[in-house]
2 protein chains.
Amino acid sequence: MKAYRTLPHALLLGACALLANGAGAASKELPPKASVADIVKASKPSDWRPLDPDNTLYMAMPWGRVVIELAPVFAPNHVKNIKALVRNGYFDGLAIVRVQDNWVVQWGDPKDETPDARPIKGAQATLKAEFTIPMANDKHFVRQRDVDGYAPQVGHSDGFPVGRDPKTGETWLTHCYGMVAVARNNEADSGGGTGLYAVLGPARHLDRNLTVVGRVISGMPELAALPRGPMPMGFYDKPGMNVPIATVKVAADVPEAERSKFEVMRTETATYQAVVEAQRNRGGPFTKYSSGHIDVCAAPIPTREQP
Amino acid sequence: MKAYRTLPHALLLGACALLANGAGAASKELPPKASVADIVKASKPSDWRPLDPDNTLYMAMPWGRVVIELAPVFAPNHVKNIKALVRNGYFDGLAIVRVQDNWVVQWGDPKDETPDARPIKGAQATLKAEFTIPMANDKHFVRQRDVDGYAPQVGHSDGFPVGRDPKTGETWLTHCYGMVAVARNNEADSGGGTGLYAVLGPARHLDRNLTVVGRVISGMPELAALPRGPMPMGFYDKPGMNVPIATVKVAADVPEAERSKFEVMRTETATYQAVVEAQRNRGGPFTKYSSGHIDVCAAPIPTREQP
């Protein structure tokens, strides 16, 4: 047992001594730098914000709670509609119906578009797409200086990864790991939030094609470890494979004592810029070559649970 | 049941009608184009090559065979050493010991670096790192024209994703999903192939820091769905969590009738360039905005099993 506990040190990989200087420089031994973990540890309480209970969802799964932060700035109508669906009990008893490897995990009504489909009460079945919003609507964008092939500019806005195009004046949430978006049919306006998916793999080419509504704050490791479905696009082929969702609730509707107490690092802070820089240019001893670049989807957005 | 079968059509997502023109163009309705699946379907037998049995590993897992293609051009000494380890039975009875969410799955000796560590016979415990090789050694590079933040140039070489830097004259395999590399300690030359990992998440900042030796051709969905470990870096905390590896064999040592018959699309073909273009610029009806860009790790490398 003791031997086993030494393994994390023994087979060190993707270790933790990072940070600035020497961008893209090959070096036999890079000097040690503060790591993301070091910066998080040294952060101030003011570097963090709590989740807004009115824009947080709790999805009760067999293994526990999945916590999702909604992004009303980027998809105001869909967020409103999803909360209406949630408050009307639409998702209670539905299921995860699809896991496509290195792509997405999707949930909704297994009987969708059949005569036995769950009725939609007090909410819309479909809405006008919110693939992008005017840049002026987003007051919290902080640009990340790394080049990006999918967007003229990338960065973060209040804890969400963002792309934008000053030429068109549009901004949008990017399809990074753990982001949650609205499944739809071929028609742009054919989604409304009754089917949702979380991103598992590289899916940035979906940006500006789907309405992204938030991010999984807690529970991705469990969602990502679900069995992949054997059908095309990863759909489960037997109802018994579906992973049941007991309930989905808006955190504000849950007694305060039962709420999860998550905080997200404020992406407008100098501390967060240091986090990105630590990931962009790692120091030694593990790292031998600092990449001098970090994809927007590989820039961690620190999240922590309050005791 | 029937209703369920309609779901892939109903909740269409990341669908399949793609290809060229209109790079980065927003459009209400993009014209339909050939998809990756269409191009694969229309490909010629000469667009494919079989795996070389002498550079293919079979890892026997509880759920079946994981097939790994080794890349001797990019890591000649490590590939030779890993094959020696395999042929001496080093991996037989070892285990997957670590799954870190959105990062890596790693296997090797749970008792590594303890008195009970498995002895290494007829192979080296450690080797000089092979993080990069001279560009001149790689005769099969075909450049992908998309911008990349981690490397001056990216592309493919004989079925592997590659980065290179004409200024330094170096080339290297990139840390894309399913790529297999050599775990090491802090010292550059502290790995030898006794511990290996497959990439699950965005890890390109590890490029040029670890020796990449190949790619999982079959079996990633099962590896990626393994439970994440509760310890730091995703290590399993109880020996009972380890996922046993019954045997690892070189395909050439397996009777021909028992070999898996995989083919990989030749990345030097016009057909493969069409695949990349299909992924870079999707057509309608599902896609509304074609990204005009595809990351090297999101450019699919088609693989198929012969009947």
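**Entry 1: the interface**

I began with the interface of chain A and chain B, where 16 residue pairs are in polar contact, both partners being at pLDDT 80 or more. I note here that the model is predicted. I then looked up which elements of chain A take part: α1 (2-10), β4 (95-100), β5 (104-108) and α4 (220-224) each supply at least two residues of the side that touches chain B. Of these residues, eight come from α1(A), the largest share. Sorted by class, this side of chain A has 41 nonpolar, 16 polar and 15 charged residues.

I next took the totals for the two chains. In chain A, 72 residues are in contact with 71 residues of chain B. Between them the chains bury about 6,300 Å², and 62% of that area lies on carbon and sulfur atoms. How many salt bridges are there between chain A and chain B? I recorded a count of zero.

**Entry 2: the disulfides**

I searched the whole structure for disulfides and found two over all chains. In chain A, the disulfide joins A:Cys176 to A:Cys297, with an S to S distance of 2.0 Å. The link of A:Cys176 and A:Cys297 is left-handed, with -75° about the S-S bond. I placed A:Cys176 in the loop between β10 (170-173) and β11 (179-182) of chain A, and A:Cys297 in the loop between α5 (270-280) and β17 (303-305), so the pair ties together parts that are 121 residues apart in sequence.

Are these two cysteines buried or exposed? A:Cys176 counts as buried, at 5% relative accessibility. A:Cys297 counts as partly exposed, at 24%.

The link of B:Cys176 and B:Cys297 is left-handed, at -75° about the S-S bond. B:Cys176 lies in the loop between β10 (170-173) and β11 (179-182) of chain B and B:Cys297 in the loop between α5 (270-280) and β17 (303-305), so this pair ties together parts 121 residues apart in sequence. I recorded B:Cys176 as buried, at 5% relative accessibility, and B:Cys297 as partly exposed, with a relative accessible area of 23%.

**Entry 3: one lysine**

I finally looked up A:Lys83, which has its place in helix α3 (residues 76-87) of chain A. Why does A:Lys83 count as buried? Its relative accessibility is 12%, and buried means under 20%. Leaving aside neighbours within four places in sequence, I found A:Lys83 in contact with A:Asp54, A:Asn55, A:Leu70 and A:Val250.

Notes. Residues are numbered from 1 along each chain as its sequence is written. Chains are lettered from A and ligands numbered from 1 in the order in which they are written. This is a predicted model: local features need pLDDT of at least 70, side-chain atom pairs count only at pLDDT 80 or more; totals for chains, interfaces and linings use all residues. Side-chain values use heavy atoms; hydrogens and water are left out. A disulfide is a pair of cysteine sulfur atoms within 2.5 Å. Helices (H or I, at least four residues) and strands (E, at least two) are DSSP runs, numbered from the N terminus. Buried means under 20% relative accessible area, exposed over 50%, partly exposed in between (1.4 Å probe, protein chains only). Contact means heavy atoms within 4.5 Å. Buried area is the accessible area (1.4 Å probe) that two parts lose on being put together, summed over both. A salt bridge is a side-chain nitrogen of Lys or Arg within 4 Å of a carboxyl oxygen of Asp or Glu. A polar contact is a pair of N or O atoms within 3.5 Å; within protein, one must be able to donate a hydrogen and the other to accept it, and residues adjacent in sequence count only if both atoms are side-chain atoms. Ala, Val, Leu, Ile, Met, Phe, Trp, Tyr, Cys and Pro count as nonpolar, Asp, Glu, Lys and Arg as charged, and the others, Gly among them, as polar.
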